[in-house]
Amino acid sequence: ASDFQVTGAVARSAAGEDLGAVVGRKPVDVRISASVAEALDAAPADVLIDYTHPSVVKANALAALERGSAVVIGTSGLTADDFTELDAAARKAGKGVVASGNFAITAALLSHFAMIAARHIAHFEVIDYAKAAKPDSPSGTARELAERLGDVRKPQLDYPIEEIIGPSETRGGSVNGVQVHAVRLPSYTASVDALFTVPGARLVLKHDAGTDASVYADGTLLAARKVSGVTGLIRGLDRLIFDQG
Ligand SMILES: NC(=O)C1=CN([C@@H]2O[C@H](COP(=O)(O)OP(=O)(O)OC[C@H]3O[C@@H](n4cnc5c(N)ncnc54)[C@H](OP(=O)(O)O)[C@@H]3O)[C@@H](O)[C@H]2O)C=CC1
Ligand SMILES: O=C(O)C1=N[C@H](C(=O)O)C[C@H](O)C1
């Protein structure tokens, strides 16, 4: 995108190398750093875009806010409490954080439609499908969806989970009162189903992605453009697209 300039990059395995060379292009005079703090100390940035690992994303975001950068978070694994902490840190810094469990437009539309559906339908659950080796569960997509659906309303459960006859784990995990079922198997990449049902009929909202990471690019760049106008945290690409006209 011609309106952005890459000022730094982070990858421990390529630290010290030129970013252009590492991605198979001409050198671009951007040296890859081993950590976000090191990268931002070497070259300040308006925005940090984080696609790293659940174990480091919060520390990365806090390091960026301390250094005066806004933050776009794609990395999964953060809890509702983590986001509360990041919102407070962003407000203290007078900066914005935009986080989305999924930056694909199809996932953003699913979230938008699901919030409407939850206002009208009392029974719903979420199924999350990902590759067998995904380290976090539920996915960022499913976690954000369930947390936000649970804020719209707590879904009706017609049989209490704690009274289930058999292993209650088979009914999934509760995220903000919403049952989430995480499937981790080879052949899956990144999909989510939001199931809304009434007696006799079902609405199934499905986001289904393959391995092409470009589906996340436009949404990520949209967030990077808009985050400079934000103070505090916004969660969900759909909120950037649909809540503001
Ligand atoms: N919100 C969204 O739309 C999307 C979210 N994701 C999420 O983004 C995250 C990254 O996914 P993906 O790009 O597939 O992962 P990869 O493992 O392919 O890439 C992670 C990158 O982060 C670098 N990195 C820097 N610091 C660390 C660290 N401390 N620990 C681990 N890696 C580090 C890695 O390089 P090195 O090991 O050399 O440091 C690597 O280049 C996941 O949480 C995933 O769920 C993924 C796609 C879309
Ligand atoms: O690990 C992935 O690949 C992805 N992770 C994100 C998530 O946890 O939801 C988004 C997408 O599913 C790809």
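Predicted model: local features only at pLDDT ≥ 70, side-chain atom pairs only at ≥ 80, totals over all residues.
Residues are numbered from 1 along each chain as its sequence is written, and chains are lettered from A and ligands numbered from 1 in the order in which they are written.

Helices (H or I, at least four residues) and strands (E, at least two) are DSSP runs, numbered from the N terminus. Two strands count as paired if DSSP finds at least two bridges between them. β7 and β8 (residues 178-184) are joined by three bridges, in the antiparallel sense. In general, strands of a sheet pair through backbone hydrogen bonds, either parallel or antiparallel.

Now zoom out to the sheet itself. It is open, has five strands in the order β7-β8-β6-β9-β10, and its pairing is mixed. β7 (173-175) and β10 (201-209) are the edge strands, each pairing on one side only. From one strand to the next, the twist averages 25°. Helix α5 (residues 105-120) lies across β6 (123-130), β9 (190-198) and β10, and runs at about 160° to β10. Such angles run from 0 to 180 degrees between N-to-C directions, with axes as lines fitted to C-alpha atoms, for helices over the stretch in contact. Two residues are in contact if their C-beta atoms, placed from the backbone, lie within 7 Å.

How is the protein chain divided? There is domain 1 (9-102 + 213-242) and domain 2 (110-209), with bounds that come from an automatic or database domain assignment. Taken over C-alpha atoms, their centres are 27 Å apart. Eleven residues from domain 1 and 14 residues from domain 2 make the contact.

Finally, the ligands. Ligand 2 has S76, G101, N102, K134, S139, G140, T141 and A190 around it, where a residue counts as near if its C-beta atom, placed from the backbone, lies within 6 Å. Both domain 1 and domain 2 give residues to this shell, so ligand 2 lies between them. Ligand 1 is surrounded by 20 residues, and the closest are R12, S13, H53, G74 and S76.
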